[in-house]
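I opened the notebook to look up the salt bridges in this model. Entries follow in the order I checked them.

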Amino acid sequence: MNLYIFKLNALLEAVAELTGTGCVWKISRNGRPEIRLPWPVRIHDAPFCRMVKSRCGALSRCKLNDAKELSLLAEKFPAEFGHCCHAGAFEFAIPIRNRFGWILGMVLCGPFRPPASTDARFDGLPEWRPEQGNPLATLVEHAFRPVVEQLYDTTGDAVRDLRITRAIEYVRNHLDRPIPIREVAALCFLSSSRFSHVFRRECGIDFTAFVLKLRLELACNLLANTDLSIGEIASSSGFCNQSHFGAIFRREKGLSPAAYRRANAIDDI
């Protein structure tokens, strides 16, 4: 196991022990699971969550909560925030941001019984107390940030050009559609040729190769952690069609998307 994945796992388990409930990590503001982490800290696996997911259609709502709703809230609030999921349980989210304020991922603590709730559905869950928020956020911020930066901050200290860090963040958030180099270059107020030169100088990799690397990382996460079809994953990862996706994936990973899924997916929710 990667040293920093090992440290991240240990921190998540420690926070779960302290709070008496689940604690999971999601990559970026888009709520993607980290396939290198053990199952209990990469997806909501508390008894309450397993019960909710067993209901027809509920699993899709859980995914929507992590991938869309939390993302919108993270953009709205500058720091930590709490919210109630679609099943009514309380969750406390702590975004970890890089030096430019961009979200590298989120620590999600929960489920908790909502404050003052007497609903029997939440029996067995620890009650969320608002006074927990600031100490928990401070602890997570200081403990997690150095580890998360090592794992996910592709800007790094070596990338000094703010135009390129802006381009990297733009790519991360638009992987589900074509990203013409001229479009990203325009965001940086550079010509395409000049942008290509600056990007390679700062990142040590061609822009096209960098985009493909992120697309494949996203596809691998979706293959291992969702029940989306291969075609849906191809589209979500920005490939023009399933056939093209399969050919590129096989070339880069040495096996087909379906074989990768069989080798890496965990069946139990």
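Which residue forms a salt bridge with R177? I found E183, with the closest N and O atoms 2.8 Å apart. I took a salt bridge to be a side-chain nitrogen of Lys or Arg within 4 Å of a carboxyl oxygen of Asp or Glu. The model is predicted, so I noted that local features need pLDDT of at least 70, that side-chain atom pairs count only at pLDDT 80 or more, and that totals for chains, interfaces and linings use all residues. Residues are numbered from 1 along each chain as its sequence is written, and side-chain values use heavy atoms, with hydrogens and water left out.

I then looked up accessibility, where buried means under 20% relative accessible area, exposed over 50%, and partly exposed in between (1.4 Å probe, protein chains only). E183 is partly exposed at 24%, and R177 is partly exposed at 29%.

Next I checked R113, which meets D123 in a salt bridge at 2.8 Å, N to O. Both residues sit in the loop between β5 (103-112) and α4 (133-152), 10 residues apart. Helices (H or I, at least four residues) and strands (E, at least two) are DSSP runs, numbered from the N terminus. R113 counts as buried at 11%, whereas D123 counts as exposed at 53%.

I went on to helix α8 (residues 207-225), which holds both K213 and E217, four residues apart, about one turn of the helix. Their closest N and O atoms are 2.9 Å apart in a salt bridge. K213 is partly exposed at 40%, and E217 is partly exposed at 34%.

Salt bridges that share partners join D161, R163, R201 and E202 into one network.
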